[in-house]
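I opened this notebook to record what I looked up in the structure, entry by entry. I begin with the terms and then turn to the chain.

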Amino acid sequence: MANWCEVCDRPEESDVCDVCGAKVVETKREPVPWRWRFFAVVSVIYVGWRIYQLISWIAH
Ligand SMILES: [Zn+2]
């Protein structure tokens, strides 16, 4: 994974930035784990189901 120069706000493969010469830090910008996406989808479906039940209950 590439490092990240916070001065230039750009990725840098080496330990020192080619543009500004600053020492770059290891990036923490990782993609969102699929577990969190799965959890978010399940939450949306659950809330939608509850809303459907509430509307169905009110309609009766
Ligand atoms: Zn830089």
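Before reading any pairing, I noted that two strands pair if DSSP finds at least two bridges between them, and that helices (H or I, at least four residues) and strands (E, at least two) are DSSP runs numbered from the N terminus. I also noted that this is a predicted model, in which local features need pLDDT of at least 70 and side-chain atom pairs count only at pLDDT 80 or more, while totals for chains, interfaces and linings use all residues. Residues are numbered from 1 along each chain as its sequence is written.

Entry on the elements. I found one helix and three strands in the chain, and, read along the sequence, they follow the pattern β-β-β-α.

Entry on the sheet. I looked up the strand order and found an open sheet of three strands, β2-β1-β3, with antiparallel pairing. Because β2 (10-12) and β3 (25-26) stand at the edges with a single partner strand each, one side of each is left without a neighbour in the sheet. Strand β1 (residues 3-5) pairs with β3 in the antiparallel sense over two bridges, and I traced Trp 4 to its bridge partner in β3, Val 25.

Entry on the loop between β1 and β2. I found Asp 9 there, and its phi is positive, about 55°, although Asp 9 is not a glycine. I kept in mind that most residues other than glycine have a negative phi. Asp 9 is exposed, with 7 other C-beta atoms within 10 Å; by the rule I used, a residue is buried if 20 or more other C-beta atoms lie within 10 Å of its own, exposed if 12 or fewer, and partly exposed in between, with C-beta atoms placed from the backbone.

Helix α1 (residues 34-59) has 26 residues, which at 1.5 Å a residue should span 38 Å, and its end C-alpha atoms are 37 Å apart, which agrees; the expected span is 1.5 Å times one less than the number of residues. The number of buried residues in α1 is zero, so the helix lies largely in the open.

Entry on the whole chain. Of its 60 residues, 5% count as buried, and the C-alpha trace spans about 70 × 20 × 10 Å along its principal axes.

Entry on confidence. I read pLDDT as the predictor's confidence in each residue, from 0 to 100. The chain has a mean pLDDT of 87, with 90% of its residues reaching 70 or more, and among its elements α1 has the highest mean (94) and β3 the lowest (74).
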